[in-house]
Amino acid sequence: MASISAAANLEDVPSVDLMTELLRRMKCSTKPDKRLILIGPPGSGKGTQSPIIKEDYCLCHLATGDMLRAAVSAKTPLGIKAKEAMDKGELVSDDLVIGIIDEAMKKPSCQKGFILDGFPRTVVQAEKLDEMLKKQGAKVDKVLNFAIDDAILEERITGRWLHPSSGRTYHTKFAPPKTPGVDDVTGEPLIQRKDDTAAVLKSRLEAFHKQTEPVIGYYSQKGIVANLQAEKPPKEVTVEVQKVLSS
């Protein structure tokens, strides 16, 4: 029944869109499979590089927070269990998260592999992920570690300013507005996000280092960690990523 409704939906898709998707899939079929994990603190540039890697290698992007919300709203069996835990104010168990990743990996968009962002956060999670992949005859190919000094992150993040209604962003050092604290186009005041303060960043970085350094150690023992110099300009980091993934 599902295939009939899918076929009916395809009839309504413009031919140009169908042909574009077909050409994309043909191009993707020649790409090597990649299963990647991105690790890095807030502001390290993962969000900038992830879409580029996804496009270059035809991978799916698995952000565990988004996937949990999608599973809950789709009322999948795992999503129902996750909602029960959330409603009780409990953390969603590692096994449930692994199950949701396992489910997501079966989608056609994940056929060539995936980018995992925000997971695993602990060595136990990394071990469970490896177990699940092993059952599928797969493994993590590379862990990209976006290494950057905390002081540089503080400068990057605490200097960010936002024009709320348009979404335009500025930075006091790297992309300042013409007039400090004022949007260039409307002349309206700029704001800082609540999270973009030195105090909030400090606690987030402490949690990040405590949780993820053992994870980097775990994958380093397997010889699959690539340390990127994330303080470089984004285009230079992209070149570094491409070198790592083509080797």
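This is a predicted model: local features need pLDDT of at least 70, side-chain atom pairs count only at pLDDT 80 or more; totals for chains, interfaces and linings use all residues.
Helices (H or I, at least four residues) and strands (E, at least two) are DSSP runs, numbered from the N terminus. I checked the UniProt record: its unreviewed entry lists residues 160-195 as "domain: Adenylate kinase active site lid". UniProt positions follow the numbering used here, feature names are shortened, and annotations may be inferred rather than shown by experiment.

**Ground rules.** Residues are numbered from 1 along each chain as its sequence is written. Local features need pLDDT of at least 70, side-chain atom pairs count only at pLDDT 80 or more, totals for chains, interfaces and linings use all residues, and side-chain values use heavy atoms, with hydrogens and water left out.

**α7 on α9.** I took α7 (residues 123-135) and α9 (residues 198-220) next. Their axes come within 8 Å and cross at roughly 40°. That makes α7 oblique to α9. Axes are lines fitted to C-alpha atoms, for helices over the stretch in contact, and angles run from 0 to 180 degrees between N-to-C directions. Angles under 35 degrees count as roughly parallel, over 145 as roughly antiparallel, 65 to 115 as roughly perpendicular and the rest as oblique. I noted the contacts (heavy atoms within 4.5 Å). Val123, Ala126, Glu127, Leu129 and Asp130 of α7 meet Pro214, Val215, Tyr218 and Tyr219 of α9. The contact residues of α7 with α9 split into 7 nonpolar, no polar and 2 charged. Here Ala, Val, Leu, Ile, Met, Phe, Trp, Tyr, Cys and Pro count as nonpolar, Asp, Glu, Lys and Arg as charged, and the others, Gly among them, as polar.

**α8 on α9.** I then turned to helix α8 (residues 150-158). The axes of α8 and α9 come within 10 Å and cross at roughly 140°. α8 and α9 are therefore oblique to each other. Asp150, Leu153, Glu154, Ile157 and Thr158 in α8 touch Ala198, Leu201, Leu205 and His209 in α9. I sorted the α8 contact with α9 by class: 5 nonpolar, 2 polar and 2 charged residues.

**Sheet.** I traced an open sheet of 5 strands, in the order β2-β3-β1-β4-β7, with parallel pairing. Two strands pair if DSSP finds at least two bridges between them. β2 (60-63) and β7 (225-229) stand at the edges with a single partner strand each, so one side of each has no neighbour in the sheet. I found 4 bridges between β1 (residues 34-39) and β4 (residues 142-147). Ile39 has Asn145 in β4 as its bridge partner. Helix α10 (residues 234-246) lies across β1, β4 and β7, at about 160° to β7.
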